[in-house]
Amino acid sequence: MNQSDRLDLTFAALADPTRRAILARLATGEASVGELAEPFAMSQPAISRHLKVLERAGLVSVDVDAQRRLRRLEPERLQEAAKWIERYREIFEQNYQRLDALLDELQGKRARSRRKK
Amino acid sequence: MPMPAEVSSPSDREVRVTRSFEAPRQLVWDAHTSPELVPRWQGYEGWDMPVCEMDVRVGGTYRWQWTNRDDGSQFGFFGTFIEVDAPSKLTHEQYFDPGSFGSAMPVGDPCIVSLELSERDGVTTLVCTLTFASKDARDDAVSTGMTDGMEHSYARLDGLVATNAA
């Protein structure tokens, strides 16, 4: 699977509030399906379906040895997606910082000191 | 104080950038549509923008070209305005002009660039949505040599900002 395909799976998996909440919960530590289902008005099978999507995207893994089949967050794919977003952000941000300065000038403001690194 | 630009990818062909500016909407609009103002901020570190022609009306065209200060290499964008609703919405197609990079850079299908501006309490929020012709085009836009070139060394940015704001 190339990076483009991985990003598709990651962004698709993230495009759901329940799955984002599951990831947020797993960021605090491993959890069983039962524990993950608890805060939601949702059946365990429904949660399991969400977990399948997250697992397919490589965002969550299952500890198959543990009796409770604990789920764990796999941060690598999230980092890859964040890095991809960050490259776009940097390109725009550099332009927009110049635009900030221009807008200040047009409004007769002085350059803001906060832009100094 | 404006927040740094936020980027999301609402679909596999889109990239959306949100940024706020401490300025009235009309001024942010002018900075995006005036051929005198656009070259002052739109571009890349180490590149000048000697060509900036814009006929901002529906069906009007624009042509932007940048020249590298060190080696004189050139590239640009051009296209037609699709939607012009001052000072809130501007949509144009964006074709890549590979300039001196010739066939080394893919030209491809146009990207649709949509700019939406809203103002509240003197702060203007800009939402820029890029809709690429395909998922691959979206992904390529950050992985081409051009973007790598854009990213290298922003060390002189502070100096540049200071000059522009002087």
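Which residue takes a positive phi in the hairpin of strand 3 of chain B and strand 4 of chain B? The notes below begin with that hairpin.

1. The residue is Gly59(B), with a phi near 90°. This is a predicted model, and the notes that follow should be read with that in mind. The hairpin leaves 6 residues between strand 3 and strand 4 of chain B. Strand 3 covers residues 47-54, and its pairing with strand 4 is antiparallel, over 6 bridges. Within this pair, Trp47(B) faces Asn68(B) of strand 4.

2. Strand 4 of chain B spans residues 61-68 and is mostly covered, with 6 of its 8 residues buried. On to strand 5 of chain B (residues 74-85), strand 4 is joined by 7 bridges, again in the antiparallel sense. Trp66(B) stands opposite Phe75(B) of strand 5. These two strands also make a hairpin, here with 5 residues between them, and Gly72(B) in the turn has a positive phi of about 75°.

3. The bond runs from Ala86(B) to Pro87(B), and its omega is near -5°. Pro87(B) belongs to the loop between strand 5 and strand 6 of chain B.

4. Strand 7 of chain B (residues 111-120) has partners in both strand 6 and strand 8. With strand 6 (residues 89-97) of chain B, the pairing is antiparallel over 6 bridges. With strand 8 (residues 123-131) of chain B, strand 7 is joined by 9 bridges, and the two run antiparallel. Val113(B) of strand 7 illustrates both pairings: this residue stands opposite His92(B) and also opposite Leu130(B) in strand 8.

5. The hairpin of strand 7 and strand 8 of chain B has 2 residues between the strands. Asp121(B), in the loop between them, has a phi near 50°, a positive value in a residue other than glycine. Is Asp121(B) buried or exposed? Its relative accessible area is 75%, above the 50% cut-off, so Asp121(B) is exposed.

6. Arg69(A) likewise deserves a look in the backbone of chain A. Its phi is positive, about 45°, although Arg69(A) is not a glycine. The residue is found in the loop between strand 1 (60-62) and strand 2 (71-73) of chain A. With a relative accessible area of 39%, Arg69(A) is partly exposed.

7. The largest nonpolar core has 45 residues, and Tyr96(A), Trp64(B), Cys128(B) and Leu130(B) have the most contacts inside it. Helix 5 of chain A (residues 75-106) gives the most to this core, with 9 residues. Leaving aside neighbours within four places in sequence, Tyr96(A) is in contact with residues of chain B, including Val17(B), Phe21(B), Trp41(B), Leu126(B) and Cys128(B). Another core lies apart from the largest one; it has 14 residues, among them Ile22(A), Ala31(A), Ala37(A) and Ala57(A).

8. How do helix 1 and helix 5 of chain A lie relative to each other, and at what angle do their axes cross? The axes of helix 1 (residues 3-14) and helix 5 come within 10 Å and cross at roughly 100°. The two helices are therefore roughly perpendicular to each other. Helix 1 contributes Gln3(A), Arg6(A), Leu7(A), Thr10(A), Phe11(A) and Leu14(A) to the contact, while the helix 5 side includes Leu78(A), Ala81(A), Trp84(A) and Ile85(A). The residues of this contact divide into 7 nonpolar, 2 polar and 3 charged.

Methods. Residues numbered from 1 in each chain as written. Chains lettered and ligands numbered in written order. Predicted model: local features only at pLDDT ≥ 70, side-chain atom pairs only at ≥ 80, totals over all residues. Heavy atoms only, no water. Pairing = 2+ DSSP bridges. Helix = DSSP H or I, 4+ residues; strand = E, 2+ residues; numbered from the N terminus. Core = buried A, V, L, I, M, F, W, Y, C linked by side-chain atoms within 4.5 Å. Buried < 20%, exposed > 50% of the residue type's maximum accessible area, 1.4 Å probe, protein only. Contact = heavy atoms within 4.5 Å. Axes fitted to C-alpha atoms, helices over the stretch in contact; angles between N-to-C directions. Parallel < 35°, antiparallel > 145°, perpendicular 65-115°, else oblique. Nonpolar A, V, L, I, M, F, W, Y, C, P; charged D, E, K, R; others polar.
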